[in-house]
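Have the viewer open and follow along.

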Amino acid sequence: MIRNSELWGGLFWLALGAFVTWAGRDVGLGRLSEPGPGFALYWIGILMCALSLGVIGQALISGGPTLASLWAGTRWRKVLAVIGLLLIYGAGFQAIGFIPCTLALLLVLMWFVDRVDWWLALIIAVVATVGVWAALTKWLKIQLPAGVLAGVLGY
């Protein structure tokens, strides 16, 4: 029996990898000594295609659960809650800023969506938010939206 879920997943990633490869080639590969803007995309797409072909091959060779059985018992309310929270996060990200939005998202997820003790949720949310902010802004030099914290914390 074919593993339907793995087969469809592999086909999805194969299509996405083909698109990424095409997009990278379309943007421009450049030369090995002077890579163009699409160089990394092209090779990432090739790697995605190769890995997805491995998944497809494995699905064709071995049997397993059907796609429908993988969705049995899914907690749809939590899934929809997380999707809604991520949409709100994305909408307020620019205006409110990275730190307050990320801190609020993590706290809401840990307090209401998947219950964690309040003190542990607070520690995890603060450490994760500040850690990611420091890694992105200080070490990787990525500019994140300051929002309401403009002028504070080196923004």
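This is a predicted model: local features need pLDDT of at least 70, side-chain atom pairs count only at pLDDT 80 or more; totals for chains, interfaces and linings use all residues.

## Ala95 and its contacts

Leaving aside residues up to four places away in sequence, Ala95 touches Gly147 and Val148. Ala95 itself belongs to helix α4, which spans residues 76-96. Is Ala95 buried or exposed? Its relative accessibility comes out at 61%, and the cut-off for exposed is over 50%, so Ala95 counts as exposed.

The mean pLDDT of the protein is 86, with 90% of the residues at 70 or more. Which elements sit at the two ends of the confidence range? Helix α3 (residues 67-71) has the lowest mean pLDDT, 65, while helix α5 (residues 98-113) has the highest, 94.

## α4 against α5

Packed helices are described by the angle between their axes and the distance between the axes. For α4 and α5, the axes come within 9 Å and cross at roughly 165 degrees. Since anything over 145 degrees counts as roughly antiparallel, that makes α4 roughly antiparallel to α5. The crossing of α4 past α5 is right-handed.

Here's who does the touching. From α4 come Lys78, Ala81, Val82, Leu85, Leu86, Tyr89, Gly92, Phe93 and Ile96. They meet Phe98, Pro100, Cys101, Thr102, Leu105, Val108, Leu109 and Val113 in α5.

## α5 against α6

On to the next pair: α5 and α6 pack at an angle of about 150 degrees, with 9 Å between their axes. With the cut-off at 145 degrees, α5 and α6 are therefore roughly antiparallel to each other. The α5 and α6 crossing is right-handed. On the α5 side, the contact is made by Phe98, Ile99, Thr102, Leu103, Leu106, Leu107, Met110 and Trp111. The α6 side has a list of its own, including Trp118, Leu122, Ile124, Val132 and Trp133.

Phe98 is worth a click, as a residue of helix α5. Phe98 turns up among the α5 residues that meet α4, and also among the α5 residues in contact with α6. At 6% relative accessibility, Phe98 counts as buried, because buried means under 20%. Phe98 and Glu34 are 64 residues apart along the chain, and 34 Å separates their C-alpha atoms.

## Aromatic rings

How many aromatic pairs does a search of the whole structure find? The count is five. One of them is Tyr42 with Trp43, at 5.2 Å centre to centre and 85 degrees between the planes, which is edge-to-face. Tyr42 counts as buried at 19% relative accessibility, whereas Trp43 is partly exposed, with a relative accessible area of 47%.

Why is the pair of Phe93 and Phe98 edge-to-face? Their ring planes stand at 90 degrees, with the centres 6.1 Å apart, and planes over 60 degrees apart count as edge-to-face, so the pair gets that label. Phe93 counts as partly exposed, at 21% relative accessibility.

## A positive phi at Lys141

Lys141 is found in the segment after α6 (118-139). Its phi is near 60 degrees, a positive value in a residue other than glycine. Lys141 counts as exposed, since its relative accessibility is 66%.

Note on methods: Residues are numbered from 1 along each chain as its sequence is written. Side-chain values use heavy atoms; hydrogens and water are left out. pLDDT is the predictor's confidence in each residue, from 0 to 100. Helices (H or I, at least four residues) and strands (E, at least two) are DSSP runs, numbered from the N terminus. Rings of Phe, Tyr and Trp (its six-membered ring) pair if their centres lie within 6.5 Å; planes under 30 degrees apart count as stacked, over 60 as edge-to-face and the rest as tilted. Buried means under 20% relative accessible area, exposed over 50%, partly exposed in between (1.4 Å probe, protein chains only). Contact means heavy atoms within 4.5 Å. Axes are lines fitted to C-alpha atoms, for helices over the stretch in contact, and angles run from 0 to 180 degrees between N-to-C directions. Angles under 35 degrees count as roughly parallel, over 145 as roughly antiparallel, 65 to 115 as roughly perpendicular and the rest as oblique. A crossing is left-handed if the near helix is turned anticlockwise from the far one by less than a right angle, and right-handed if clockwise.
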